[in-house]
Amino acid sequence: MTNLAPTSPSGARHPYSPVRATEAGLVYVSGQLGIADGDIVEGGIVPETRQALANLQGRLASAGLELRHLVKITVYLASMDDRNAMDAIYQEALVEPLPARTCIAGAELPYKARVEFDAIAVRDGA
């Protein structure tokens, strides 16, 4: 596996953002917290989800990919009560067909975040 982006793009600074690629064309993106400038985005699950998706998009771009390349996303929520609000932003940001998705409730996410994404993308033609 190759580490494609050892550092985070601006606006997504935190230590949980590795991007790893396989020879088969799969790209793993991990830990897209709703963090900008080192702090959790204020205002609740909606802005935090938007920031987390923007971070995810930035991480994919560092690997030469876009959101349309996603095939699987794991969503970690601090509270399943936030699922509907997160889901509305998720569906607004991603294009059809939506990637496969799993939602998992986490007892506590890093930095006291409400939402975090891990994703798998595939290069065109892979």
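Predicted model: local features only at pLDDT ≥ 70, side-chain atom pairs only at ≥ 80, totals over all residues.
Local features were considered only at pLDDT of at least 70 and side-chain atom pairs only at pLDDT 80 or more, whereas totals for chains, interfaces and linings use all residues. Residues are numbered from 1 along each chain as its sequence is written, and side-chain values use heavy atoms, with hydrogens and water left out.

The protein chain contains two helices and eight strands, where helices (H or I, at least four residues) and strands (E, at least two) are DSSP runs numbered from the N terminus. Their order from the N terminus is β-β-β-β-β-α-β-α-β-β. Of the 126 residues, 41% are buried; buried means under 20% relative accessible area, exposed over 50%, and partly exposed in between (1.4 Å probe, protein chains only).

In soluble globular proteins, nonpolar side chains tend to be buried together.

Two packed helices are described by the angle between their axes and the distance between the axes. For H1 and H2 the angle is about 35 degrees and the axes are 9 Å apart; axes are lines fitted to C-alpha atoms, for helices over the stretch in contact, and angles run from 0 to 180 degrees between N-to-C directions. Residues of H1 that meet H2 include Ile45, Val46 and Leu53.

Five salt bridges were found in the whole structure, each being a side-chain nitrogen of Lys or Arg within 4 Å of a carboxyl oxygen of Asp or Glu. One of them joins the side chains of Arg50 and Glu92 (3.6 Å, N to O). Arg50 lies in helix H1 and Glu92 in helix H2, so this pair ties together parts that are 42 residues apart in sequence. Arg50 is partly exposed, at 42% relative accessible area, and Glu92 is exposed, at 54%.

Arg114 forms a salt bridge with Glu48, with the closest N and O atoms 3.3 Å apart. Glu48 is buried, with a relative accessible area of 0%, while Arg114 is partly exposed at 34%. Asp82, in the loop between S6 and H2, is buried yet has no salt bridge. The nearest side chain of opposite charge to Asp82 is that of Arg114, 4.7 Å away; Lys and Arg count as positive and Asp and Glu as negative, with His and the chain ends not counted.

Technical notes:
Contact = heavy atoms within 4.5 Å.
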